[in-house]
2 protein chains.
Amino acid sequence: MGINERKEREKQQRKNDIIDAAERLFFKHGFENVSMDQIARESELAKGTLYLYFKSREDLHYSIVNRVLEMLSKVLKRDYDKHASGAENLINLGKSYIAFSTQYPDHIRAIMMFDSSKFEKLETNQSLKILEPDSPLMLLIHIIRKGQMDGSVRKDIPDRELALILWSHLASVLELVSLRLPLVKALEIDENELLNKQFEISISGVILKQ
Amino acid sequence: MGINERKEREKQQRKNDIIDAAERLFFKHGFENVSMDQIARESELAKGTLYLYFKSREDLHYSIVNRVLEMLSKVLKRDYDKHASGAENLINLGKSYIAFSTQYPDHIRAIMMFDSSKFEKLETNQSLKILEPDSPLMLLIHIIRKGQMDGSVRKDIPDRELALILWSHLASVLELVSLRLPLVKALEIDENELLNKQFEISISGVILKQ
DNA sequence: TATAAAAATGACTACAAGTCATTAACTGAA
DNA sequence: TTCAGTTAATGACTTGTAGTCATTTTTATA
């Protein structure tokens with residue numbers, strides 16, 4: 001059945017086109033300031049059509065987020081070194097994430113703007129993507145487990161718990177820098193230094209000195 | 001002019017009454033699900049009146065947040081021990097904050113739900129309240145500075161920077177617990193343990209062993 | 001008691017999310 | 001080719017809500 005395959009491909013393509021259009025507008029004007037009508041116009045479709053591909057505005061937003069997470073995931077995996085220790089990988093992962101956020105500030109903003117309290121407005125499977133094997137969080141858990149095995153990471157806290165803590169630590173400072181920069185500036189703090197220092201603090205609480 | 005004073009007092013009172021009403025509804029239904037009309041009804045005023053006291057819905061939300069921060073500030077100050085070292089005070093402050101969040105989960109939710117990207121919709125002076133001398137953040141900076149003076153806290157990172165990092169670390173895990181509990185549960189993690197472990201991790205990266 | 005100032009009102013406007021009856025495009029069989 | 005059935009797309013419409021403002025009510029003052 002070649003036709004059904006083609007249709008499926010076209011459907012995915014269209015979905016991607018809509019996400020592209022939404023992303024363009026979002027990066028330009030900020031998500032808050034972009035309406036579904038505008039997205040429809042930008043993607044050269046009627047508004048109703050958007051709702052054939054996305055359950056809600058939130059769902060569309062999350063699709064952008066999700067694509068960013070996939071990008072991030074690829075970068076993090078690329079930098080993963082299977083011969084290095086868990087601790088080394090942990091440090092690399094943090095650095096990669098920070099580099100990514102410097103390179104794609106708009107994309108990071110998109111992630112940080114997503115309000116997770118609206119999970120119920122998503123297509124049913126969407127919200128569980130963070131728990132899929134390929135997600136950044138899962139990679140982090142894997143690295144921590146590895147570090148606990150090779151003795152370079154503390155063992156007294158379960159891997160999943162440690163991962164969640166490190167992830168949210170880094171994310172919180174990224175959020176500070178990408179959404180609350182005025183506050184950071186008001187305290188006369190350099191945002192890059194802030195990111196690096198925070199990273200050093202939480203990493204030093206987790207890896208074991210050899 | 002006793003009359004003007006009385007009027008000012010009544011104005012503040014009314015403002016507080018509106019915040020009370022909004023808070024009741026918010027705690028009951030979640031902020032997203034409460035309209036200005038409902039708040040008007042609950043506070044037995046017309047909708048237009050609300051806008052005499054608050055510039056916008058966001059401004060009203062922030063006023064709730066602000067009152068919570070004042071509560072928190074009082075608690076933290078009460079637990080401040082001027083005879084203890086900076087490090088000890090730092091640990092106490094963290095514990096107090098965590099205890100507060102356990103005691104008043106709704107209030108913490110209100111803080112965490114506030115979207116700081118909407119600062120421009122606030123009454124002009126509102127957004128700067130975090131930088132006022134009495135705020136929790138400023139108390140934290142003070143404690144860190146003290147610790148740096150008495151040698152119980154690392155000196156290589158400026159006080160303001162360290163404070164912001166610690167604050168956002170703790171806040172991020174609180175957010176996880178108060179807004180993203182399903183994720184925490186999906187990873188089979190106990191939320192109280194998560195809070196305590198995260199606290200231990202970031203604090204150990206900051207205080208100096210004697 | 002009259003007048004001015006301040007406070008409160010709620011009908012109204014503007015705008016955006018989401019729906020759905022209708023129309024258009026495509027497909028596969030006759 | 002044609003046509004019926006299916007799938008995709010449309011956009012006018014509904015619904016809900018934030019915020020406004022001309023009007024009314026209340027309060028202070030002379």
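Helix H3 of chain B gives the most to the surface near DNA strand C, with four residues. Helices are DSSP runs (H or I, at least four residues), numbered from the N terminus. This is a predicted model, in which local features need pLDDT of at least 70 and side-chain atom pairs count only at pLDDT 80 or more, while totals for chains, interfaces and linings use all residues. Residues are numbered from 1 along each chain as its sequence is written, and chains are lettered from A and ligands numbered from 1 in the order in which they are written.

**DNA surfaces**

Around DNA strand C there are 19 residues, of which Ser35(A), Met36(A), Gly48(A), Ala46(B) and Gly48(B) come nearest. A residue is near a strand if its C-beta atom, placed from the backbone, lies within 6 Å of it. At least two residues each are supplied to this surface by helix H2 (36-42) and H3 of chain A, together with helix H1 (2-29) and H3 of chain B.

DNA strand D is likewise surrounded by 19 residues, the closest being Ala46(A), Gly48(A), Ser35(B), Met36(B) and Gly48(B). Two or more residues come from each of helix H1 (2-29) and helix H3 (47-53) of chain A, and from helix H2 (36-42) and helix H3 (47-53) of chain B. Here H3(A) holds the largest share, four residues.

The table gives the composition of several surfaces by class. Ala, Val, Leu, Ile, Met, Phe, Trp, Tyr, Cys and Pro count as nonpolar, Asp, Glu, Lys and Arg as charged, and the others, Gly among them, as polar.

| Surface | Composition |
|---|---|
| Near DNA strand C | six nonpolar, five polar and eight charged residues |
| Near DNA strand D | six nonpolar, five polar and eight charged residues |
| Side of chain B that touches chain A | 17 nonpolar, nine polar and four charged residues |

**Contact between the chains**

The contact takes 30 residues from chain B and 30 residues from chain A. Residues are in contact if their C-beta atoms, placed from the backbone, lie within 7 Å. On the side of chain B, helix H8 (159-179), helix H9 (181-186) and H10 give two or more residues each, and H8(B) gives the most, with eleven residues.

Across the two chains, the axes of helix H8 (residues 159-179) of chain A and helix H10 (residues 191-204) of chain B come within 10 Å and cross at roughly 60 degrees. Axes are lines fitted to C-alpha atoms, for helices over the stretch in contact, and angles run from 0 to 180 degrees between N-to-C directions. H8(A) and H10(B) are therefore oblique to each other; angles under 35 degrees count as roughly parallel, over 145 as roughly antiparallel, 65 to 115 as roughly perpendicular and the rest as oblique. Glu161(A), Leu164(A) and Ile165(A) of H8(A) meet Leu194(B), Lys197(B), Gln198(B) and Ile201(B) of H10(B). These residues comprise four nonpolar, one polar and two charged.

**Organisation of chain A**

Chain A is divided into domain 1 (1-53) and domain 2 (55-204), with bounds from an automatic or database domain assignment. The centres of the two domains, taken over C-alpha atoms, are separated by 27 Å. Their contact takes seven residues from domain 1 and nine residues from domain 2. H1(A) gives the most to the domain 1 side, with five residues.

Helix H4 (residues 57-78) and helix H5 (residues 86-103) of chain A pack at an angle of about 140 degrees, with their axes 9 Å apart. That makes H4(A) oblique to H5(A). Leu72(A), Val75(A) and Leu76(A) of H4(A) form this contact with Leu93(A), Ser96(A), Tyr97(A) and Phe100(A) of H5(A).

How values were computed: Contact = placed C-beta atoms within 7 Å.
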